[in-house]
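Subject: The structure I promised you

Hi there,

Here is the structure I said I would pass on. Have a look through it when you get a moment, and then read on for my notes.

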Amino acid sequence: VNALPGSSSSNEGTNAMRKANEKTENFRLGSADIVHTLAFPSVSTADFQFDLEKASDIIVEKAEEFLPKVGTARLVLVDLSHGSKILSLVKAKASQKNIDSERFFTFVGDITKLRSEGGLHCNVIANATNWRLKPGGGGVNAAIFKAAGPDLETATRVRANTLLPGKAVVVPLPSTCPLLNAEGITHVIHVLGPNMNPNRPDNLSNDYTKGCKTLREAYTSLFEGFLSVVQ
Ligand code: AR6
């Protein structure tokens, strides 16, 4: 089967394709040989208002840099809608490079329901968080903390109380966590990106020299965190 989840055409997401994806996933994950997969949102590009062109360049650059380091593991950029501009940009830019599209691809879905609703098993997910590592706010942070329940906040506190822009923290989920039981997610990696929104802390006021540097650091920390789980 050629229709791996998210590999270009499957993102268009017909039911038939979803079924094909599911079969592929079950086949792959039914064996002892689990395919480590990181699902991550586009850090900083919604609430934090980071430029999409610049962010898409950085995502592709960092994925290209890290793929050779993570063995057979996969990196999947996720967003909620088929109209997602960041997914289109990344897909187009990745296809122009010599990147393995079975190991780096885009996927449409709620990052907290990828296996149950999309048939894509990701054992690690990333969260674009806030500096306090607190539930709520909006976007993907609110969704992940809500789906994981209070377990995630408790498990996060063991690792860190705050996060600097450009940094990430890996949080193993306890066995009671609904995200582990329902979706097979074993780790959440919180990552804090650069902020261009004047109404949020640490606003960089459109300083994209600093912003791009911090976004690169954020993806480096995220992918290194994933590497620590894979190894
Ligand atoms: N599943 C997949 N992708 C999602 C989901 C979801 N459930 N929800 C949002 N996205 P954002 P930021 C996508 O705003 O810009 C929070 O309040 C979204 O479409 O969540 O880094 C935190 O507490 C976009 O592509 O993160 C921080 O204060 C991407 O996730 C602040 O927002 C990131 O959008 C962080 O802002």
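This is a predicted model: local features need pLDDT of at least 70, side-chain atom pairs count only at pLDDT 80 or more; totals for chains, interfaces and linings use all residues.

**The chain as a whole**

The chain has eight helices and six strands. Going from the N terminus, their order is α-β-α-β-α-β-α-β-α-α-β-α-β-α. Of the 231 residues in the chain, 50% are buried. If you take the contacts with a separation of 6 or more, 70% of them join residues 24 or more positions apart. As for the surface, the chain exposes about 10700 Å², and 52% of that comes from carbon and sulfur atoms.

**The ligand and its surroundings**

Where does the ligand sit? You will find it in the largest pocket. Two elements each give two or more residues to the shell around the ligand, namely β2 (74-79) and α5 (139-148). Helix α5 provides the largest share of that shell, with four residues.

There are 23 residues around the ligand, and those that come nearest are Ser44, Asp79, Asn130, Gly138 and Val140. Several backbone atoms are worth a look here. Val140 has a backbone N or O atom 2.8 Å from an oxygen atom of the ligand. For Phe48, a backbone N or O atom is 3.0 Å from a ligand oxygen atom. Ile111 places a polar backbone atom 2.9 Å from a nitrogen atom of the ligand. How much of the ligand does the protein bury? On its own the ligand exposes 710 Å², and the protein buries 91% of this.

**Two threonines**

Thr112 is in the loop between β3 (104-108) and α4 (114-118). Its relative accessible area is 6%, so Thr112 counts as buried, the cut-off being under 20%. The side chain of Thr112 makes a polar contact with the Asp110 side chain, at 2.8 Å. Not counting residues up to four places away in sequence, Thr112 touches Ala143, Ile144, Ala147, Leu179 and Glu183. Of these, Ala143, Ile144 and Ala147 fall within the residue range of α5 (139-148), the helix with the largest share of the ligand shell.

Thr156 belongs to helix α6 (residues 150-159). Is Thr156 buried or exposed? With a relative accessibility of 0%, Thr156 is buried. Setting aside neighbours within four places in sequence, Thr156 is in contact with Leu133, Phe145, Val171 and His190.

**Two lysines**

Lys167 lies in the loop between α6 and β5 (168-172). A relative accessible area of 45% makes Lys167 partly exposed. Which residues does Lys167 touch, not counting those up to four places away in sequence? They are His190, Val191, Leu192 and Ser221. His190 is also among the contacts of Thr156.

Lys91 is part of helix α3 (residues 85-95). Lys91 is partly exposed as well, with a relative accessible area of 26%. Between Lys91 and Phe104 there are 9.4 Å from C-alpha to C-alpha, and the two are 13 residues apart in sequence.

**A loop with positive phi values**

Lastly, please take a look at the loop between β6 (187-191) and α8 (208-230), where Ser205 is placed. Asn206 is found in the loop between β6 and α8 too. Most residues other than glycine have a negative phi. Ser205, however, has a positive phi, near 45°, and is not a glycine. Asn206 is not a glycine either, yet its phi is positive at about 60°. Are these residues buried or exposed? Ser205 counts as exposed, because its relative accessibility is 57% and the cut-off is over 50%. Asn206 is exposed too, with a relative accessible area of 53%.

Best wishes

Methods:
Residues are numbered from 1 along each chain as its sequence is written. Side-chain values use heavy atoms; hydrogens and water are left out. Buried means under 20% relative accessible area, exposed over 50%, partly exposed in between (1.4 Å probe, protein chains only). Contact means heavy atoms within 4.5 Å. Accessible areas come from the Shrake-Rupley method with a 1.4 Å probe; for residues, only the protein chains shown count as cover. A residue is near a molecule or strand if one of its heavy atoms lies within 4 Å of it. A polar contact is a pair of N or O atoms within 3.5 Å; within protein, one must be able to donate a hydrogen and the other to accept it, and residues adjacent in sequence count only if both atoms are side-chain atoms. On a 1 Å grid over the protein atoms alone, a cavity is a set of points where a 1.4 Å probe fits but cannot get out, and a pocket is an open set with protein on both sides within 12 Å along at least five of seven lines; lining residues have an atom within 4 Å of a point. A molecule sits in a cavity or pocket if more than half of its atoms lie within 2 Å of its grid points.
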